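Trainee: Please take one part of this model and look at it closely. Then connect it to whatever else stands out.

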Amino acid sequence: MKKVLYITILAITLTACNLTDSIDQDPPNNLVPENVVTNEDDAKALLNGAYSQIISYTNSSYYMYSEIIPSALIGSMTINSSSDEEIFDNDILAENATVRNFWSIFYSVIDAANNTIANTEKLSNDLITPEAKKEIIGEAHFLRAMATFDALRYFGQFYDSSSNLGVILRTEPVNFVTRSIKRSSVQESYSQILSDLDYAISNAPDFTVSYRGSKTAAKALKARVLLYNGQYNEAANIADQVINEGTTSLETNFSDVFDKGYNASENILVTFRDSESDNDENNRKRFYAGRVADGWFTDLMENDPRKEASYSGTTVLKTNNENSFRPTFFIRLAEMYLIKAEGISRSTGDVEAAKIPLNKIIERASADLSTATSIEELNDDIFNQYIKEMAYENGSDWFAALRFEKAMDLKPSITSVDQYILPIPTTEIEGNEFLTLADQNPGYE
């Protein structure tokens, strides 16, 4: 609890430092990381500042909109503001404020991680212990990988490794010299993300709590990244490592995951919330704008035992659970079982082998086990379990619909693959000398 309090205090301190935002055109003031990082405590404060971008009490763009935006895109959730109606209608303008803030928060986390890496590396061994230095830098690499991957899967053609439309890769702090960077290809983006994750797997701290980056979290995220990148066998193998390493375990009951929040045994990465942080000023989920959308999602969930813990009427329960102070679930162990099943299905096509991890999740839910006898039936079962098990969690429903080619069937307003990704914000194009309108994503001219 002291560590969490320390994070909160230092997050406020870092905000005062006014680090240059990746698309902010205003000059930075004189209170910059180089002036304040002089010892181990300062380095930890800078790392905590990266987390503050994700759980900020002044900005919900990461922890809340990573649930709302993807669920609105696929139609499992509705939202009720004018700019967000564009998202639900899959008819988004490049000037959309919500999308701009979504892009910006990813790069704010990346910049904070880059400042942590750069300034911690400068500290000599008489100012920081070698172990602390290694772990702080390793944890920062994990956060940079997570935010870069989120930028890629929302704003780049992540589904096509041959595409030139990746994202802007930032690996050093933003300043007047480094601010403008050209767009990288999809495969270059994946390579950078996987490089950061490999570094974190070797150097980040061991898993101790679910609200900090760790070696386990880096492995779990690597499994997800490999799956999206089409490296299916490798994804299944890494997911299996996470399942069997013993640092986390499935809760006995599905509902326990959400009732226990960050204390649930299967949570690998989740935001920290407690009675002190769950207040009007510190958690915008108290005013959650998302509502369950009636249609294909509710039809699929109708007879599933997980429905009761997932939503009630139009109220989303699992990610807005008052008993556990409304955390955001970024990675949990259940996903590793589904990634293992999907990875086996897409690589070896062994139906019976893939059903073993798949049925582990279904069995925990006390639902009917998969009886698939073909790849087509198996993939339908895997997709359905992503929805039933992980709807509203970090884009799981939206990206499963894309990978399994279900999106256009589920939602009539999705008529083109151009709608699979969001537009690069106009502010980024105007403020980056290496970008022009020709670098905008297709369909958003």
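**A covered helix, and charges beyond it**

Helix 4 (residues 65-74) is mostly covered, with 10 of its 10 residues buried. Buried means under 20% relative accessible area, exposed means over 50%, and partly exposed lies in between (1.4 Å probe, protein chains only). Helices here are DSSP runs of H or I with at least four residues, strands are runs of E with at least two, and both are numbered from the N terminus. The model is predicted: local features need pLDDT of at least 70, side-chain atom pairs count only at pLDDT 80 or more, and totals for chains, interfaces and linings use all residues. Residues are numbered from 1 along each chain as its sequence is written, and side-chain values use heavy atoms, leaving out hydrogens and water.

The buried residues of helix 4 include Tyr65, Glu67, Ile68, Ile69 and Pro70. Ser71, Leu73 and Ile74 are also among them. Glycine 75 follows helix 4. The phi of glycine 75 is positive, near 90°.

Now the salt bridges. One is counted when a side-chain nitrogen of Lys or Arg is within 4 Å of a carboxyl oxygen of Asp or Glu. The count by this rule is 30.

Take glutamate 335 and arginine 224, whose side chains meet in a salt bridge at 2.8 Å, N to O. Glutamate 335 sits in helix 14 (residues 333-347) and arginine 224 in helix 9 (residues 215-228), so the pair ties together parts 111 residues apart in sequence. Glutamate 335 is buried at 5% relative accessibility. Arginine 224 is buried, also at 5%.

Next, glutamate 393 bridges to lysine 318, with the closest N and O atoms 2.9 Å apart. Glutamate 393 lies in the loop between helix 16 (375-390) and helix 17 (396-403), and lysine 318 in the loop between strand 5 (315-316) and strand 6 (329-332), so this pair ties together parts 75 residues apart in sequence. Glutamate 393 is buried at 1% relative accessibility. Lysine 318 is buried at 0%. Salt bridges that share partners join both residues into one network, which also includes Glu266, Asp304, Arg306 and Arg332.

Aspartate 206 also forms a salt bridge, to lysine 215, with the closest N and O atoms 3.7 Å apart. Aspartate 206 is exposed, at 52% relative accessibility.

Last, valine 417. Valine 417 lies in the loop between helix 18 (407-410) and helix 19 (426-431). Its relative accessible area is 39%, so valine 417 is partly exposed.
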